[in-house]
Amino acid sequence: MKRVILPALALLALPLTAKGAAIAGSSSGPSWIAITMFVLVVAGTLVITYLSASSTGTKVDFYTAGQSISPMQNGLAMAGDFLSAAAFLGITGLIYADGYDGLIYAFGFLTGWPIILFLMSERLRNLGRFTFADAASYPLDRKSVRTVAAIGSLVVVALYLVAQMIAAGKLVQLLFGVDYSVAIVGIGMLMIAYVTFGGMQATTWVQITKAALLLTGATIMALATLWHFGFNLEQLLTAATDAHPKGTSILRPGGLFAEPVSAISLGLALVFGTAGLPHILMRFFTVKDAADARRSAFVATSCIAYFCLIIPLLGYGAASILMGDATYFKLDAAGHFNRIGSLIGGTNMAAVQLAGALGGPLLLGLISAVAFATILAVVAGLTLAGASAVSHDLYGQVIAGGTASDRREILVSKVSATVIGIVAVALSAAFQNQNVAFMAGLALSVAASCNFPILAMALYWRGTTTRGAVAGALLGLFGSVALVVLSKTVWVALFHFAKAPFPYDNPALFSMPLAFAGIWLFSIMDRSARASTERKAFETQLIHSELGPLTRRPELQPSEMAG
Amino acid sequence: MTDISDIEAGRILADPRFRRLVAERARLRWGLSAVVLGMFFGLIALMSATPQLLGESAGSPRMTIGLVLVCVLFVSVVLVTGFYVRRSNQGFEGLMRSVREDCTP
């Protein structure tokens, strides 16, 4: 354990001391405050991992932290799992650049949470044990439905992970002046270490730490912004509209949601994609029962709503404070700069630049470390979800038919986590200079068009059959991938064709109904004997999904029931 | 798959308390889902229908109706989820436990 972690730490720390260019040390050499806080974050998470290493003996320990997480802790961990650097830096940047539309984006993500709570939390917790595929395949053929659900999970995890890693590599490069490839290798090693040594226990505590850091950091920045304007919102907004090239239009809806079809499609992907993210759904199994699952969703929703409320202060604050000061911008030969496009590090760095403007190197260092912790927690959660889809769903249930020992399944999980980490690092290196804007959007679309429909229909529609579930989920998966490939973000931006055949950026409005219709159609057409058994089994499933597990299920060991 | 017998399953399914639990939970679940989705997609509809309205001032000149509305909606989402959790964990848990106690072998 120590033998692996110490070199990892050294590897991350060395390049920092070697050269500290970029933002965190832009004016006066390397910022020791930023580097100290960064090392503290890394060291803190490694201590957590070390302390969690003893509690990964059984599957229940490894996948669900022994179901011992309290609702408060789990809610914070969910918020930590969900609020990515894209949410913190990206939405602040969006509000900085476009104003009001950034808030609608945040509202879309937030709206996913009550949907998770109402439709998923309770039945998922009652029917499943480790992954959402448990619940999706509950009344149906375990192997085929589970395989499709696991593939859906892995596609989402892979896209999301690579998108996050590329952003993370560039962020760390900007913040600390570390080389991109060193940054992604370092992040990859850390996430593999958390998951393989500490399982869900370590991942959870990394996420809780990150959520606490992020919410505290954002609160400090919001208070500092308000203090700067004498706690007068009107003054803050006036300064923002005075400084912003778009003027008062940043206070009202702009172009992002102007066209109804695109707006609804993006909205569906934001809301139902959130409700189909495997790493979020997995967190409902870490608490003891459905009541605690609901409580944790409430805590998570509250944290995310609070975050949504303070993020406009940062976005508008960044516009008002940074835009008037040329030192935050790249100047052209004539000394001019574009108040949106020329921000050093791009608009995604608005929050970080604002931290420096408000609180000097100390706050800048703190927020840089927060941004880094944010990345670590999200990639760790994704890696664990991907590893579980391979080890529990594909290996444990499909290949070994539920007969694999805990030891063996956990070993497969650790190997999978390592492989997923290495592949993610390799892909992040390969796609470094590609336009990968489509990846995060595609991840959400696949989650909304494959994972969400299969789970929702299996949980709520008594007519669902295996054939319908498999066909519909595959239609949603391939439909969303195909439409994204035919859309502008891939067809034009990546393949350099002149015009995209699919005119919208987001496929969810089309691929989601396709999946639901597929499940419905192939289910009602299914006249097999298995289908009629499955329809009858819905009644028993209903009992379990409403009342929780009534009796010990055969595969449960008595010791596992204690959790 | 499970080890409750068909007879037992039939008894639970016929239990009026169980039927009430299922019906009331479904009403709460789908009703509140409609409320929350209505809030989000309603705002999107409002944005494409009357974008000017959301840009009008609400009280002070810079504080637009759109800004106030979206912040009110953020808070409403928390209130709606809080209501659901309260109702489920206090209202339905008791009903659920009474059905469970009668049927756990």
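Guide: Let us begin with a term: a residue is buried if 20 or more other C-beta atoms, placed from the backbone, lie within 10 Å of its own, exposed if 12 or fewer do, and partly exposed in between. This is a predicted model, in which local features need pLDDT of at least 70 and side-chain atom pairs count only at pLDDT 80 or more, while totals for chains, interfaces and linings use all residues. Residues are numbered from 1 along each chain as its sequence is written, and chains are lettered from A and ligands numbered from 1 in the order in which they are written.

Visitor: OK, what share of chain A counts as buried?

Guide: Of its 563 residues, 63% count as buried.

Visitor: And how many helices and strands does chain A have?

Guide: Chain A has 21 helices and 0 strands, where helices (H or I, at least four residues) and strands (E, at least two) are DSSP runs numbered from the N terminus.

Visitor: Which residues have the most contacts inside the largest nonpolar core?

Guide: They are A:Phe107, A:Ile304, A:Leu354, A:Ala371 and A:Leu376, in a core of 232 residues. A nonpolar core here is a set of buried Ala, Val, Leu, Ile, Met, Phe, Trp, Tyr and Cys residues joined through C-beta atoms within 7 Å. Helix H14 of chain A, residues 350-399, provides the largest share of this core, with 30 residues.

Visitor: What is A:Ile304 in contact with?

Guide: Leaving aside neighbours within four places in sequence, A:Ile304 is in contact with A:Ala79, A:Phe82, A:Leu83, A:Leu110 and A:Trp113; two residues are in contact if their C-beta atoms, placed from the backbone, lie within 7 Å.

Visitor: Now A:Leu214: buried or exposed?

Guide: A:Leu214 counts as buried because it has 24 C-beta neighbours inside 10 Å. This residue lies in helix H9 of chain A, residues 180-228, and, not counting residues up to four places away in sequence, A:Leu214 touches A:Leu83, A:Phe88, A:Val370 and A:Thr374. A:Leu214 and A:Leu83 are 131 residues apart in sequence, yet 8.7 Å apart in space, C-alpha to C-alpha.

Visitor: Switching topic, how many residues of chain B are in contact with chain A?

Guide: There are 49 residues of chain B in contact with 49 residues of chain A. Helix H4 of chain B gives the most to the side of chain B that touches chain A, with 21 residues.
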